[in-house]
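Cover its cavity, its strands and its aromatic contacts.

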Amino acid sequence: MILKLTRKQVETLKKDAIRNYPEEACAMLFGKTEKGIAEVSWIVIAENILHSQTRFEIDPEIVYEALKEAEERGLDLIGFAHSHTNSSKPSLIDRKFIRLWGDAIWLILSTLNGKMEAFRMVNEKLEKVTLEIT
């Protein structure tokens, strides 16, 4: 699986992560997935309602409104993005929620070193997703 983002989208996510530091920043990623390529065309930056350095949660009303607008635009939920103050690897809490969201891709940005990595759960195993920045 490949996750495609533009440089502008990556910069938007990085700026939001820096703005929210040391709390985890979070966003929803929308677009289309075809032939193993998930291409992001719309990002919804959201407030972390937990205001936590180790967890994030998006207001369910924001999630609902974003899903509704995405459907109107003909877009699918590709996944979620969030920041960590340390590694770009999924935490134990992340792994739990990655499992719950089925095919969703989880993009994690480290504010420590700027590294980004993406993951998804396939057959109960964590799989790394290739990032392609255009």
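## Cavity

The largest cavity has a volume of about 80 Å³. The structure holds one cavity of 30 Å³ or more. A cavity here is a set of points on a 1 Å grid over the protein atoms alone, where a 1.4 Å probe fits but cannot get out. Grid points are joined across faces, edges and corners, and the volume is the space filled by probe spheres set on the points.

Thirteen residues line the largest cavity, and the closest to its centre are L13, A81, H82, S83 and L109. Lining residues have an atom within 4 Å of a point. Two or more lining residues come from each of α1 (7-20), β2 (26-34), β4 and β5. Helices (H or I, at least four residues) and strands (E, at least two) are DSSP runs, numbered from the N terminus.

## Basis of the model

This is a predicted model: local features need pLDDT of at least 70, side-chain atom pairs count only at pLDDT 80 or more, and totals for chains, interfaces and linings use all residues. Residues are numbered from 1 along each chain as its sequence is written, and side-chain values use heavy atoms, with hydrogens and water left out.

## Barrel

Seven strands form a closed barrel in the order β1-β3-β2-β4-β5-β6-β7, with mixed pairing. Two strands pair if DSSP finds at least two bridges between them. β5 and β6 (residues 116-122) run antiparallel, joined by four bridges. W106 has F119 as its bridge partner in β6.

## Aromatic contacts

F56, F80, W101 and W106 form one aromatic cluster. Rings of Phe, Tyr and Trp (its six-membered ring) pair if their centres lie within 6.5 Å; planes under 30 degrees apart count as stacked, over 60 as edge-to-face and the rest as tilted. By this rule there are four aromatic pairs. F56 and W106 make a tilted one, 5.7 Å centre to centre with 55 degrees between the planes. This pair links distant parts of the chain, 50 residues apart: F56 is in the loop between β3 (37-46) and α2 (60-73), W106 in strand β5 (residues 105-110). F56 is buried at 16% relative accessibility, and W106 is buried at 3%. Buried means under 20% relative accessible area, exposed over 50%, partly exposed in between (1.4 Å probe, protein chains only).

What is the geometry of F80 and W101? Their ring centres lie 4.7 Å apart with planes at 70 degrees, so the pair is edge-to-face. F80 is buried at 4%, whereas W101 is partly exposed at 37%.

Conventions:
On a 1 Å grid over the protein atoms alone, a cavity is a set of points where a 1.4 Å probe fits but cannot get out, and a pocket is an open set with protein on both sides within 12 Å along at least five of seven lines; lining residues have an atom within 4 Å of a point.
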